[in-house]
Amino acid sequence: MMHGRGKSDFAIVAVKPANKAEHPAEQCAVEVTAAEPVERRAETKGNAGQHSTCRAQSRVSVSPALERIRKVARERKEEKFTALFHHITIDLLEDAFCELKENAAPGVDRLTWKDYEANLEHNLEDLHDRVHRGAYRALPARRVYIPKPDGRQRPLAVAAVEDKIVQRAVAALLNAIYEADFLGFSYGFRPGRGTHDALDALVVGIERRKVNWILDADIRSFFDTVSQEWLIKFVEHRIGDRRVIRLIQKWLKAGVSEEGKWSKAEVGTPQGAVASPLLANVYLHYVFDLWVQQWRTKFATGEVVVVRYADDFIVGFQHRHEAERFLRELRDRFGKFGLTLHPEKTRLIEFGRFAARDRQRRGQGKPETFDFLGFTHCCGRKRQSGGFCVKRKTVTKRLRAKLQGVKETLMRRRHDPMRQQIAWLQAVVRGYYNYHAIPGNMPALEAFRREVLYHWLRALRRRSQRHSLPWDRFGLVTDLCIPKPSILHPHPNDRFYAKHPK
């Protein structure tokens, strides 16, 4: 197994030791261990209906190798993996293909998931051969734009099918390594962690710690300003296999194609690419996470709470002067690595259990609020005890943007059969509840359902010139077919302490 002085019968993971590291014989044996709960990969949506070409046996054969990589990564956090490339097998590529969305938009080659699946076995064998011969070439990503809640356009990069397959396969290998390195307050795009875990951790941190000030920071155009040179240096801290490094460099240098015009990418990582979330986490792990961990250990005298989800992060402080110092030094830190904080969206606000009392004493009104992962966080009081709590509600801009999209779609689909309209509305409403149905957000859920039904009624009335459908009669129908809101997520304390018993 070991690369260099000694080898083992298990050709699973090759690790480059740190300088002056010893090689005891017992370290060469790599055993299969069960994955930690937070490292288990979630089931991909839609996989239950995949075709038989994606064999379940492939997942079983790949899993032991990834488990061994995880075990070695946890035990030897200072060493490099120098032989990972041979783990990119046909089975791993097939597993990566099965995790892709069947209805995803095609890349510049206009090849869809269905087209590639038609001759999957031959295509994967050819792709595997080209990857290992060095003949694989990454295609430029197709640039598309999607609307943001504030009315602006968010650029996304749509990669070709083969690029998605190879990126997902490599990301599976790198995830097995970096999950041992990433810190606990990093939640974005990690196996077993999601947005609601980050939201709960933030609420618990503010309510249980001595937090009086909140730094609501925003990195300006993060994915477009990442330094590719620094990114490769960061990856090389753990990855010593030059063939894997060259694959990452190919994706970064492939550029983007917009309306048939190719543009070279000198900085940034394509937002929307399969490998981009992992690479972003690696970048911010070294630029932000490790630095924050060191800063609050060395310089902070009060409480410091940190929660990061991808490039969105919130930092809570007990003392204002420490928060101001942190913000100044954070700007300098980001500047060294090509990142900048958005001057208008980065704020230091008074927030916490004493914020309302102190601001009222100074005659400054109610405490300010901040937005994080689609929810507006406010200072509140518990109904029974009157103690401090963090209240959350759906961000107003996002609610309005969602309702506007529903309204436009209903007007386009108003002549569809009623069964199709009901099925579509049920999916939309349930999807909205699945994310936004958190404790304390019931008024926003009821408002969303009420507005959706109002727009649906208006669309149905526009089907003809006769407005013969009264609201009372319409309400009887919708009560039976459109689900009513209910809280689907547990209280932050319940979920947080269930996952973090210590």
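Mentor: A charge sits over a ring if NZ of Lys or CZ of Arg is within 6 Å of the ring centre and within 35 degrees of the ring normal. Please keep in mind that this is a predicted model.

Trainee: What makes the charged end of lysine 233 one that sits over the ring of tryptophan 230?

Mentor: The charged end of lysine 233 is 4.8 Å from the centre of that ring, and the limit is 6 Å. The charged end of arginine 193 likewise sits over a ring, that of tyrosine 187. Tryptophan 230 also belongs to a cluster linked by ring pairs, including Phe234 and Tyr283.

Trainee: Why is the pair of tryptophan 291 and phenylalanine 326 called tilted?

Mentor: The structure holds 23 aromatic pairs. In this one the ring centres are 5.3 Å apart and the planes stand at 40°. Planes under 30 degrees apart would count as stacked and over 60 as edge-to-face, so an angle of 40° makes the pair tilted.

Trainee: Which parts does this pair tie together?

Mentor: Tryptophan 291 lies in helix α10 and phenylalanine 326 in helix α11, so the pair ties together parts that are 35 residues apart in sequence.

Trainee: How do you know whether tryptophan 291 is buried or exposed?

Mentor: Its relative accessibility is 12%, and buried means under 20%; tryptophan 291 therefore counts as buried. Phenylalanine 326, at 1%, counts as buried too.

Trainee: Why is the pair of tryptophan 295 and phenylalanine 317 called edge-to-face?

Mentor: The planes of these rings stand at 90°, and over 60 counts as edge-to-face. Tryptophan 295 lies in helix α10 and phenylalanine 317 in strand β9.

Trainee: What makes arginine 130 and glutamate 162 a salt bridge?

Mentor: Side chains of opposite charge can pair when their charged atoms come close. For arginine 130 and glutamate 162, the closest N and O atoms are 2.8 Å apart, and the cut-off is 4 Å, so the pair is a salt bridge. Arginine 130 lies in helix α4 and glutamate 162 in helix α5.

How values were computed. Residues are numbered from 1 along each chain as its sequence is written. This is a predicted model: local features need pLDDT of at least 70, side-chain atom pairs count only at pLDDT 80 or more; totals for chains, interfaces and linings use all residues. Side-chain values use heavy atoms; hydrogens and water are left out. Rings of Phe, Tyr and Trp (its six-membered ring) pair if their centres lie within 6.5 Å; planes under 30 degrees apart count as stacked, over 60 as edge-to-face and the rest as tilted. Helices (H or I, at least four residues) and strands (E, at least two) are DSSP runs, numbered from the N terminus. Buried means under 20% relative accessible area, exposed over 50%, partly exposed in between (1.4 Å probe, protein chains only). A salt bridge is a side-chain nitrogen of Lys or Arg within 4 Å of a carboxyl oxygen of Asp or Glu.
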